[in-house]
Amino acid sequence: MSVEDKSVGSVEIKDVPVLPNDSRADGPFHSAEDERRLVRKLDSRIMPVVCMLYLVAFLDRSNIGNARLQGLPEDVLHGDPTGVQFDWATSAFYFSFVICPVPAALLFKLSAPRIWFCCATIGFGLCSLLMATAFDLPGLVVSRLGIGLFEAAVSPVTPVYLSFFYTKEEIGSRIAAYNVFAAIASGFGGLIAFAIQNAPISIPRWKLLFIIEGAPSIILGVLCYIFLPNRPEETSMFDERERGIALARINRGATADVGRRLQKKHILFALTDWRVYLGGVMYLAAGSAASSISAFLPTIIKSFGFTNAIAQLLTLPPYLVAAVVFFLVCYSSDRMQSRGPFVAATCSLGAVGYILLLAVTSNPHVRYFATFCITSSLYCLMCMMLAWFSHNVGSESKRATVIPLVQSVGHSGSILGSHIYPLTESPRYIKGFSINLAFNVLGTIIAIILMISYKAENKKRDGLYGKPDKDALVDTSELADKAPEFRYTP
């Protein structure tokens, strides 16, 4: 779709090369100040909405962990003395969240982004409200499946959406910015639960929790439609000069399938790329830890000897520290244009946390410190993985396949993570901590393998074709990241 053709009704699904001399790739001459001004405009319009979107999404996803200490098992699961029913209610979210991301991301590339985000956000907000009406396990499971379905249309496509506007030097810190709010949401949820726990109310506290945390999502869905811009070639937020600059930026270093179309062979490239599946296995460490921490952190902290109310409150500091740590890590990674060493380091940090939980059984202060290591590690890992693969794929069609595929493989670990902390193993939780420790060690090894692989491929191409200019335009329309002039970020 050209800059002049802003209609949103036509959809193309075919292999159409975008040549280097296409006007979309060249763009107008502009200064560095023009570009900085455009980036500030993008940040002020896109990032506040995306950050709030992740705040409410993670509140709706993880609030079941807080509801567990507010009477949910007693009222809905008939007491659930073994914790098995709660495990299934928790993991139900991940069944739809694992299955749906790839088709959702491919459909997203053919859609108007603001309408897409509006519908998805309203959808998971309604499902969260419906959790307050559940009276048995099937009702709870259906609501959680619905949340997973609609959040699968948000989480995996957000890095793809940001890649429409931001370069590889900028996207890591933007992914970090909205993931900061995911971490804050997990801690903020504990603060809301603490307030509800001590409030003199007549309705069950877990019902009020789902209502308070679900309703804002519906309002935000409407705001997504109002404020989020569509693709650079379509949005009305740009004048023609700004549109030209924006299109030149997203084609910097590579030019391929810009627009509402899919290149089928690039999708096939993604499905047959061995690095993608290794990345998914590495993401297992984050997926397993994320699901278990979000749902079980209040219970784990309670096992240290604290009351229900204090356990809810003590979930806040680990997430706040995690937010600061992974923003600094992602900012540093963007500046250095290096991902692998940071990914390996964050996996190692998570391993340290699980070793402390396994080795130290009687000191609640050390065990509480271990939760800081784990939360900081898992959010850093999720963020760095998305940034690493976002600009190592060469085209939008491959990116729209790779990002959700990595997350789908990784979040299958979330289903496992929902079943490895049964109440019968409290307070040691040896099985859960050991499994997550193994995933983090495996993630460290894979990060090193991928880093070496990317560096070796870059060196091989430098030897065969010479070192390309950093800002040279690379035609990736045919081969995506296999183009001879394309270079990976190790």
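D34 touches R241 and I245, not counting residues up to four places away in sequence; contact here means heavy atoms within 4.5 Å. The place of D34 is in helix α2, where helices (H or I, at least four residues) are DSSP runs numbered from the N terminus. At 18% relative accessibility, D34 counts as buried, while R37 is partly exposed with a relative accessible area of 45%. Buried means under 20% relative accessible area, exposed over 50%, and partly exposed in between (1.4 Å probe, protein chains only).

A word on the model: it is predicted, so local features need pLDDT of at least 70 and side-chain atom pairs count only at pLDDT 80 or more, whereas totals for chains, interfaces and linings use all residues. Residues are numbered from 1 along each chain as its sequence is written, and side-chain values use heavy atoms, with hydrogens and water left out.

**Charged pairs**

Side chains of opposite charge can pair when their charged atoms come close. In a salt bridge, a side-chain nitrogen of Lys or Arg lies within 4 Å of a carboxyl oxygen of Asp or Glu. The structure holds 22 salt bridges, including these:

| Pair | N to O distance |
|---|---|
| D34 and R37 | 3.1 Å |
| R249 and E35 | 2.8 Å |
| D273 and K398 | 3.1 Å |

D34 and R37 both lie in helix α2, three residues apart, which is about one turn of the helix. They also belong to a network of salt bridges that links E33, D34, R36, R37, R40 and R241.

D273 forms its salt bridge with K398.

**Helix α18**

How many residues does helix α18 have? Helix α18 (residues 396–417) has 22 residues and reaches 31 Å from its first C-alpha to its last, close to the 32 Å expected at 1.5 Å a residue; the expected span is 1.5 Å times one less than the number of residues. Of the 22 residues of α18, 19 are buried, so this helix is largely enclosed by the rest of the structure.

Key
Helix = DSSP H or I, 4+ residues; strand = E, 2+ residues; numbered from the N terminus.
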